[in-house]
Amino acid sequence: MPDNEFGEKLLSLSRDGDLYQKTADQREKYLIQCHACAHRCRISDGKHGLCFMRWNEKGRLRAPWGYVAGLACDPIEKKPFYHFLPGSDALSFGMLGCNFHCPFCQNWTSSQTLRDPEALVSPRKCQPEEIVNLAIQHEAPAIASTYNEPLITSEWALEVFKLAKKRNLFTCYVSNGFASKEVIAYMAPYLDAMNVDLKCFTEEGYRQLGGRLKPVLETIRGLRKMKKWVEVITLIVPGFNDSDDELTRMAEFLASVDPDMPWHVTAYHAQYKYDNKVKSTPPDRIERAAEIGRRAGIRYVYGGNVTGLGKNENTYCHKCGFMLIKRTGFHVTRNLMQSGHCCNCDSVIPGIWQDNSSCE
C-alpha cells in the first residue's frame, strides 16, 4: 500500500482493474500478475507494480480511475501526429505515473509520481463524460490519452474512448509502446491511432530507461498488422541514441514494417536529470537523422522541437514531390490534401484525414 498521504489519495482514486490475472502460489495467497504493460509485474498483496500506480488489494488489482492530472485542447501536431487529422485539435488528457524512468523525461512532474518526491502534480476528479463533452465543445475531432504513460491507465482510457466513439470522435494513445499483447487487444476495438516513442535501438539503452527494446518493436509491428494508424517519434538525445549507426538501424527497422509509417525525429532540450548534463540537440543533427530516415526508405520523415527545419516540417507527396501540407511549428498554414489523395497526381497519401477517409 502507499506509504504517504499523496499515495493514499491516489489509491482512493482507483477501482478494480481488468488487466491482470490471479497467480497460483502456495507461498502468497493473493499474488497477482498485471498485464497493463510488458513488465507483467507480479504484485504481492499491499504492494504496487513498477509504475507505482497499480496496486494489489487482497488479490484484486486496483487501477487509476476518476481523475485527470492534465487536460488541454492541443494541436494534434503536438502529439505529434502529421497524418492523423492534420490541422485539427485533440482533447488531451493524462493521469499520473509511468512504467519507465527516463532521466531526460519531458513530462517528469506527472510521469514520475511516487517515484520522485519532487514530482507532485495534483490529480483532479472528473468523469469520462466531462472529457468527451469538452472535446465536443471545443470542436476537437479526437481524444488523446497522453502526458503520462497511457498503457498503465488503460481501464480509464477505455471508458473515455467508449463514450468518445458514441459521439463519433477519433481516439489515440501517445505511448512508449512497452505494451503487452493483452493491453493491445483490450484497447484495439476503441483505438484509432498510436504515436509510439521509439527511444533508442539497443537493449542496453532501454535497460537504462527501465524497459526492453523487443516489446516496443513488437508493438509497432502488431499495431500495423491490425491496421491501426501508427506514427513513431524518436527524441534525439546527444550521446545516448544519436549515432549514425543506431539511427540507421532504427530507420531500417521502421521501413521494413511500413515505409509509409511517419517517423518524427525531434530535438531534446535539457530536462529533468539531464538538465545540466547533456546539451540540447543541435538542428543539424535533426537534419542528419531525417536524411538517414529517408535514405532507409521511409517516405515521410519529419523533424521537430527546433526552429528552422523548413521542409522537414511539411508533408510532400511521395510520388510527385508536391507539397501538400505546410507547417510552422505545431500549426498547419496550408493543406491541399483532397480526400486522402495528392491534389497534383492523385496518389493515395496514407493516413486518416479530416474528411474521415482512411487512406492506407
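Keep in mind that the model is predicted.

Let's begin with the eight-stranded sheet. It is open, its pairing is mixed, and its strands follow the order S8-S9-S11-S12-S13-S14-S15-S16. At the two edges sit strand S8 (70-75) and strand S16 (301-304), each of which pairs on one side only. If you step from strand to neighbouring strand, the average turn is 20°, with direction ignored.

For a look at one pairing inside this sheet, take strand S14 (residues 229-236) and strand S15 (residues 263-267). These two run in the parallel sense and are joined over five bridges.

Helix H4 (residues 154-166) lies across strand S9 (89-94), strand S11 (142-145) and strand S12 (170-175), and its direction is at about 155° to S12. Helix H9 also packs on the sheet, where H9 touches S14, S15 and S16 and makes an angle of about 165° with the direction of S15.

From H9 we can move on to its partner helix. Helix H8 (residues 244-257) packs with helix H9 (residues 283-296) at an angle of about 40°, and the two axes are 8 Å apart. That angle lies between the limits of 35 and 65 degrees, so it belongs to the oblique class, and H8 and H9 are therefore oblique to each other. Their crossing is right-handed. On the H8 side, the residues in contact are Asp244, Leu247, Thr248, Ala251, Glu252 and Ala255; on the H9 side they are Arg285, Arg288, Ala289, Ile292, Gly293, Arg295 and Ala296. Sorted by class, the H8 and H9 contact holds six nonpolar, two polar and five charged residues.

H8 has another packing partner in helix H7 (residues 213-225). Here the angle is about 25° and the axes are 10 Å apart. Angles under 35 degrees count as roughly parallel, so H7 and H8 are roughly parallel to each other. The crossing of H7 and H8 is right-handed. Leu217, Ile220, Arg221 and Arg224 of H7 meet Phe253, Leu254 and Val257 of H8. By class, the H7 and H8 contact comprises five nonpolar residues, no polar ones and two charged ones.

Strands S2, S3 and S4 form an open sheet in the order S2-S3-S4, with antiparallel pairing. Strand S2 (20-22) and strand S4 (42-43) are its edges, each pairing on one side only. Strand S3 (residues 32-34) and S4 are paired in the antiparallel sense over two bridges, and Ile32 stands opposite Ile43 in S4.

Finally, a word on charged side chains. The model has 18 salt bridges in total. One of them joins the side chains of Asp16 and Arg60, with 3.1 Å from N to O. This pair connects distant parts of the chain: Asp16 lies in strand S1 (residues 14-16) and Arg60 in strand S6 (residues 60-64), 44 residues apart.

Note on methods:
Residues numbered from 1 in each chain as written. Predicted model: local features only at pLDDT ≥ 70, side-chain atom pairs only at ≥ 80, totals over all residues. Heavy atoms only, no water. Axes fitted to C-alpha atoms, helices over the stretch in contact; angles between N-to-C directions. Helix = DSSP H or I, 4+ residues; strand = E, 2+ residues; numbered from the N terminus. Parallel < 35°, antiparallel > 145°, perpendicular 65-115°, else oblique. Left-handed = near helix turned anticlockwise from the far one by under 90°. Contact = heavy atoms within 4.5 Å. Nonpolar A, V, L, I, M, F, W, Y, C, P; charged D, E, K, R; others polar. Pairing = 2+ DSSP bridges. Salt bridge = Lys/Arg side-chain N within 4 Å of Asp/Glu carboxyl O.
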